[in-house]
Amino acid sequence: MTAALELRAVSKTYGEGPAEVHALRSVSLAVHRGELVAIMGPSGSGKSTLLTIAGTLEEATSGDVVIGGSDVATLSTNDRARMRRRSIGYVFQDFNLLAGLTAVENVTLPLELDGVRLRTARARGLEALAAFDLADKASRYPDELSGGERQRVAIARAVAGERRLLLADEPTGALDSVNGEAVMRLVRAACHRGVAGVIVTHDAQLASWADRVVFIRDGRIVDQTVPPAGPESLLASGSTP
Amino acid sequence: MFRREWHQQILVLALLGVAVTVATVGAAFAYNVAPDGRGEFGSAGHRITFSAGSQAAAAADIAAAAEYFGTIDVLLAHFAPVAGSARPLEVRAQDPHGPFSGPMLALREGRYPSAPEEVALTESAARDLHVSVGGVVDLDGRRPTLVGLVENPRRLDDDFALVAPRPPDATDLVRILVGGSQARVEQFRGTMTVDGDVRRDSPRNDKTVGAVATFGLATVGMLLVALIAAAGFVVLAQRRLRELGLLAAMGATERHVRLVTLLNGVLVGLSAAVIGTAGGLAAWALASGRVEAAAGHRIDGLSVPWWLVAISVLLAVVTATGAAWWPARAVARIPVMLALSRRPPAPKPARRPAAVAAVLIVAGLGCFALAHQKNVALIVAGTLATPIGVLLMAPLAVSAAGRMASRLPVSGRLALRDLGRYRARAGAALAAISLALGVPVAVVIVATANAHTAAEGNLSDRQLLIRVGHGQEPFAVTPGPAAALEALGAGVDQLAVSLGGATVTPLDLLVDPARIPEPQLAEAGQLQAVEVNRRRAATDDYDGLLLYVATPAVLDTFHIPPTGGGIVTAEDGDLFFLTKERFRDPEPLTDVVRIPTPGYTSVPDTFISPTVAAGMGWEPIRAGWFMEADHALTTEERAAAHDLAVDAGLTVETRDQQASLAGLRSGATAAGMLLALGVLAMTVGLIRSEAAGDLRILAAAGASSTVRRNLTAATAGSLALLGVLLGTAGAYLVLVGAYAGDLEPLTRVPFGPLAAIACGVPAIAVAAGWLLAGRQPPALARSRFD
């Protein structure tokens, strides 16, 4: 099965000479559709860099990034932007929404950028908000929403349309535990619908929502939990006498 | 903050520095450019002027003046015709080492004339007469040798021929420069024996007035900078919100927090003042030599009004401090936790500034109405209150624009709503842009309103009046055979072609075949043109007006509607045809239609219908041509026209004043557009640089570089458009108040310059914003993640 996201020996270096910093060192990671992967590690370990490279916001110094079967290195800047509009959803810790747009306009932003007619985009945006129980807040501006509501709007935007990859950087970092759980439930639900998710977090409890936890330190993947055995494994073991 | 945020403040620092530089250079320029009277009076306190009339009486009065005052300086002027020029050349007899006239004369080349057959010319006169030093000058029937080139260093446009001092003759205009009190000079004037008018005048010193006027303009400039600086300090304060919150959390009072931003403003002001003054003085030292042509006199590079420089330094500091005050106050009032979370409070409704703006506008217009164009204090109050009121509408305008954005594409919507959301800085930026555009718009409107006043000179800078023959007497016409007239017409056509296809209108005057010509005209083979006489109501005397034949071409050129009247004129007063028989009891003409004045004194403005002229038995005769080019004539083109006229046997009259309101209009339009675009670039840069977070979200949502370009273009374009609207509205509001007594001049709308500003500024802003905004900041993606 083709992975929704595949990083092959990806390295990233910032600066030159004495100021050179190796943010990532030969990282390889594959995330399949429907899978939720949590990235954990101390500050400065390279978690966020991994996410920006996975999201095509930055280019790797070396290695390959493949999203939905497309090698990102072969894409033009505009093609990458199109990929972000159509295939990738981003959720940041805060400052997720454009303050000048209403909740529904924030959700429909990628659709509008993709040339979808305003009326059509709005209808789809309202649908997405309704799924997150935010239909009545559609016309509110971000500063008229609570922190939890803002994050839910951000997730609604990230999964609206035909997104196949959800990247979230500390999505619950600015929320209380109740709102944080609610956000993770939404992320999990999106993955159940077939979206591949990658979440950067410090919180082990939130990481437990993930199918797999990847530990990263000094730019290297130092450990990861084993994906739970799928139903196929039961079949396989049943065939053994 | 000043050190850590220096790169954010470089814009404000640069703007203030430039404003101080401009104020310094401008004050020095105005102080030195303004005429100080030395070009007319030398170092004398007074000048007595009279026509010599009787040679003996003039000589006696000059001797009496020498005895009465002790020291006098006598200048004799005689006016000699110059071939091809409508203006005669003054032949001036002056002692180069006279006690008072020294500042009026300087030698550029050769030497001063010392013998009767020697002459010195100004460079312009020598060029017109095609002679160089050592050559022979054909001047007033004599052929003196040119021994030197001279100038009046205090009046470089003073064209004259200098001859050695000599006794006065009957045709001279005598000027006696004297010292002493005005009463003493008046007392002497009463004892003079010459016939005719004896005038006394004294120099006026406009240097200080000019410098203070420039300082006033500099103050407006500082206000402009203050608005931009305020926007800059708002951004700065928001960038440092968390640090200021920390300060408050550690126990700093509101005053302490306010002082941080305020002192930063003082430091910026001081730095800008020092840099700007140094730059201004250096620029003046470099430029002073080059502004002599514009000033019309020589300039001393060290002559600077230091007291004005000191005030501009003070003003810079006050401006920066004042601009920092409001953001300092606003930031200090933000609750500590809100400041620590670096979340500025939601914008407040713009109702209060709008109410203040409305009150100020109404008060300003009320001041104008009550001033009746006479009360200076009320006029000043109206001039200040009205534009400030309009500028205070800026936050409301950006807020309204944000509300109207819902139907726009996402880039435009986001741009307009951001302006509305951050209306503190966007409003200040818009006010600055509006002021930058409003001032030149007002200049353009005033220039157009005054474009058709006679005070503007004899002709516009695009016009030429060509007369047949070399005489300077406009009432004398020269009859000639058709072939000769055809040759002259060919010469005129050649001239029109050389001026890039100027339009040519033949002008015909009338002659009365029954009239016996004056002897001197008959000797020159000329005839007296028929004139219509106008009685001046004030003095009850008569003057003659040239009566042109109202041919279809003339009617078309001078935009005269078909009136059906016998005589059409733009002059006021009763008109008469005076003859010897009817002189004692003239009857005013009744068949007269009045038309608007053409604005220039030499443009034909009185016409008679060909039918009426034929009925009177008068015959038309070609007297000249009126020519109008599609551009302001350059000095070279005027000189070429003059030479062509001489060769063709014509006399050409061009504009006799260098300054032109058309030039002022173009200059104001261009300067206003440049200034507004500069301000716009800076403010858009400020606003968009603070929206890096938005760019990150947009990038993550898949926005391409086109969206980034559109966003900046929409921000720049909408600010420019709003600035044009507010600036123009403000300019018209002020001028409606100023012209309250007679709004007719304002009906002449400067469509061209206004269209250039209204369309040009937003179009350039959009184009520049779009072109410059494509690049994604390289560290954008990392800034929040790491």
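**Strand β7 of chain B and its partners**

In chain B, strand β5 (residues 118-122) is joined to β7(B) by two bridges, and the two run antiparallel. This is a predicted model, in which local features need pLDDT of at least 70, side-chain atom pairs count only at pLDDT 80 or more, and totals for chains, interfaces and linings use all residues. Residues are numbered from 1 along each chain as its sequence is written, while chains are lettered from A and ligands numbered from 1 in the order in which they are written.

- Helices (H or I, at least four residues) and strands (E, at least two) are DSSP runs, numbered from the N terminus; two strands pair if DSSP finds at least two bridges between them.
- Within β7(B), A161(B) stands opposite L121(B).
- Strand β3 (residues 89-93) of chain B runs parallel to β7(B), joined by four bridges, and A93(B) has V163(B) as its bridge partner.
- Strand β7 (residues 160-163) of chain B is covered on both faces, with F160(B) and L162(B) buried on one side and A161(B) and V163(B) buried on the other.
- A residue is buried if 20 or more other C-beta atoms lie within 10 Å of its own, exposed if 12 or fewer, and partly exposed in between, with C-beta atoms placed from the backbone.

**A four-stranded sheet in chain B**

- An open sheet of chain B has four strands in the order β16-β20-β17-β19, with mixed pairing.
- Its edges are β16 (548-549) and β19 (592-594) of chain B, each with a single partner strand, so one side of each has no neighbour in the sheet.
- Three bridges pair strand β17 (residues 567-569) of chain B with β19(B) in the parallel sense; T569(B) has R594(B) as its bridge partner.

**Nonpolar cores**

- A nonpolar core is a set of buried Ala, Val, Leu, Ile, Met, Phe, Trp, Tyr and Cys residues joined through C-beta atoms within 7 Å.
- The largest such core has 203 residues, of which L16(B) and I228(B) touch the most other members.
- Helix α16 (residues 423-449) of chain B gives this core its largest share, 20 residues.
- Apart from it lies another core, of 45 residues, including L499(B) and L633(B).

**The surroundings of T654(B)**

- T654(B) sits in the loop between β22 (650-653) and α22 (661-689) of chain B.
- T654(B) counts as buried because it has 26 C-beta neighbours inside 10 Å.
- Not counting residues up to four places away in sequence, T654(B) touches L459(B), L464(B), L633(B), R638(B) and A641(B), where contact requires C-beta atoms, placed from the backbone, within 7 Å.
- T654(B) and L633(B) are 21 residues apart along the chain, and their C-alpha atoms are separated by 9.0 Å.

**Chain A**

- Chain A has eight helices and ten strands, and 48% of its 241 residues count as buried.
- Among contacts in chain A with a separation of 6 or more, 69% are between residues 24 or more positions apart.

**Where the chains meet**

- Contact between the chains involves 22 residues of chain B and 27 residues of chain A.
- On the chain B side, the elements giving two or more residues are α15 (410-421), α23 (692-700), α24 (705-738) and α26 (780-785) of chain B.

Note on methods:
Two residues are in contact if their C-beta atoms, placed from the backbone, lie within 7 Å.
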